[in-house]
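Hello,

Please find the structure we spoke about below.

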Amino acid sequence: MEEKRTPWIYRLIYRLVWLFSPKYRIEGAEHLPEGPCVIAGNHCQMYGPIAGEMYTPGKHAVWCVGEMMHREEVADYAYRDFWSRKPRAVRPFFRLMSHLIVPLAVLIFNNAHTIPVYHDSRVLTTFRVTVEQLRAGSRIVIFPECYTEHNNVVHDFQDKFVDVARLYYRKTGEKLAFVPMYLAPRLKTIYYGKPIFFQPDAPLAEERRRICDELMDAITDTAVSLPEHTVIPYPNIPRKQYPKNIPLEVCSDEKTAL
């Protein structure tokens, strides 16, 4: 079957993004299984999806918010998720922006290596396509953070993505690996950690929690082990509020000492 040819304008945008976005080196690539896996990382606002698309080794697909792929849904989603927390005085500008980006969003997200993610009845499509991609040998990259703060490095992970592993096991009899990824744009490095394997005999609710906790712990441990740097958080907040990677208790101790 002939592969779909991407539009020239998308290829131009891809080159421009490559030119002007951070250039990352990769550490821990030896932790990536040779076969399919799920790579779960910190979102870093726009940096995560861009890095996932451009730097994930081998055949891969990135989970993408489904609303950003449908012309009639882009504006409302973009404003609500990206800009609704901006100061009230500038919100009309960003409301306008949410409409202006519609053609660009539809072009980009429908031509990149993406899988649409839905939170309604269409979620069945998300899981079906994901399992198909895994069975074809792809690495699936996801950024499952939500707005609930977990610590100074990551926000809490939404846990339903773990269900993919149960479906994959039913189809193949293989235990799916989840690989933690810490993206550090300020250090221009992507760090992969040791894989965490789904246990099909354990209750699903317990596996969801265990895998999410171990992924968040691994990402946090990697971040705090590195030289001090600014962490780009999931929410689109003012830059002066960006946290550092040093543990919160260290920050508290330093403030107390002062």
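**Overall fold**

For 258 residues, a compact globule would have a radius of gyration near 18 Å, and the protein has 19 Å, which agrees. Please keep in mind that this is a predicted model. The C-alpha trace spans about 65 × 45 × 35 Å along the principal axes of the protein. Nine helices and 10 strands were assigned in the protein. Of the 258 residues, 47% are buried. Taking contacts between residues at least 6 apart in sequence, 69% join residues at least 24 apart.

**Helix 1 and helix 2**

Helix 1 covers residues 8-20 and helix 2 covers residues 47-55; their axes come within 12 Å and cross at roughly 105°. Angles of 65 to 115 degrees count as roughly perpendicular, so helix 1 is roughly perpendicular to helix 2. On the helix 1 side the contact involves Tyr10, Tyr14, Val17 and Trp18, which meet Ile50, Glu53, Met54 and Tyr55 of helix 2. By class, the contact of helix 1 with helix 2 has seven nonpolar residues, no polar ones and one charged.

**Helix 3 and helix 4**

Helix 3 (residues 71-83) packs against helix 4 (residues 91-100) at an angle of about 140°, and the axes are 8 Å apart. Helix 3 and helix 4 are therefore oblique to each other. The crossing of helix 3 with helix 4 is right-handed. Helix 3 contributes Val74, Ala75, Asp76, Ala78, Tyr79 and Trp83 to the contact, and helix 4 contributes Arg91, Phe94, Arg95, Met97, Ser98 and His99. The residues in the contact of helix 3 with helix 4 divide into seven nonpolar, two polar and three charged.

Arginine 208 lies in helix 8, which runs over residues 204-224. Is arginine 208 buried or exposed? The cut-off for buried is under 20% relative accessible area, so arginine 208 counts as buried at 17% relative accessibility. Setting aside neighbours within four places in sequence, arginine 208 is in contact with Asp159, Lys160, Val162 and Asp163.

Histidine 229 sits in the loop between helix 8 and helix 9 (248-257). The relative accessibility of histidine 229 is 4%, so this residue counts as buried. With neighbours within four places in sequence left aside, histidine 229 is in contact with Tyr182, Ala184, Arg186, Leu187, Ala223, Pro243, Lys244 and Asn245. For asparagine 245, the C-alpha to C-alpha separation from histidine 229 is 5.9 Å, while the two are 16 residues apart in sequence.

**Positive phi in two loops**

Which loop holds glutamine 45? Glutamine 45 is in the loop between strand 2 (37-41) and helix 2. Phi of glutamine 45 is near 55°, which is positive in a residue other than glycine. Glutamine 45 has 17% relative accessibility and so counts as buried.

Lysine 188 is located in the loop between strand 8 (177-184) and strand 9 (189-192). Although lysine 188 is not a glycine, its phi is positive, at about 55°. The relative accessible area of lysine 188 is 47%, so lysine 188 is partly exposed.

Regards

Methods: Residues numbered from 1 in each chain as written. Predicted model: local features only at pLDDT ≥ 70, side-chain atom pairs only at ≥ 80, totals over all residues. Heavy atoms only, no water. Axes fitted to C-alpha atoms, helices over the stretch in contact; angles between N-to-C directions. Helix = DSSP H or I, 4+ residues; strand = E, 2+ residues; numbered from the N terminus. Parallel < 35°, antiparallel > 145°, perpendicular 65-115°, else oblique. Left-handed = near helix turned anticlockwise from the far one by under 90°. Contact = heavy atoms within 4.5 Å. Nonpolar A, V, L, I, M, F, W, Y, C, P; charged D, E, K, R; others polar. Rg over C-alpha atoms; globule rule 2.2 N^0.38 Å. Buried < 20%, exposed > 50% of the residue type's maximum accessible area, 1.4 Å probe, protein only.
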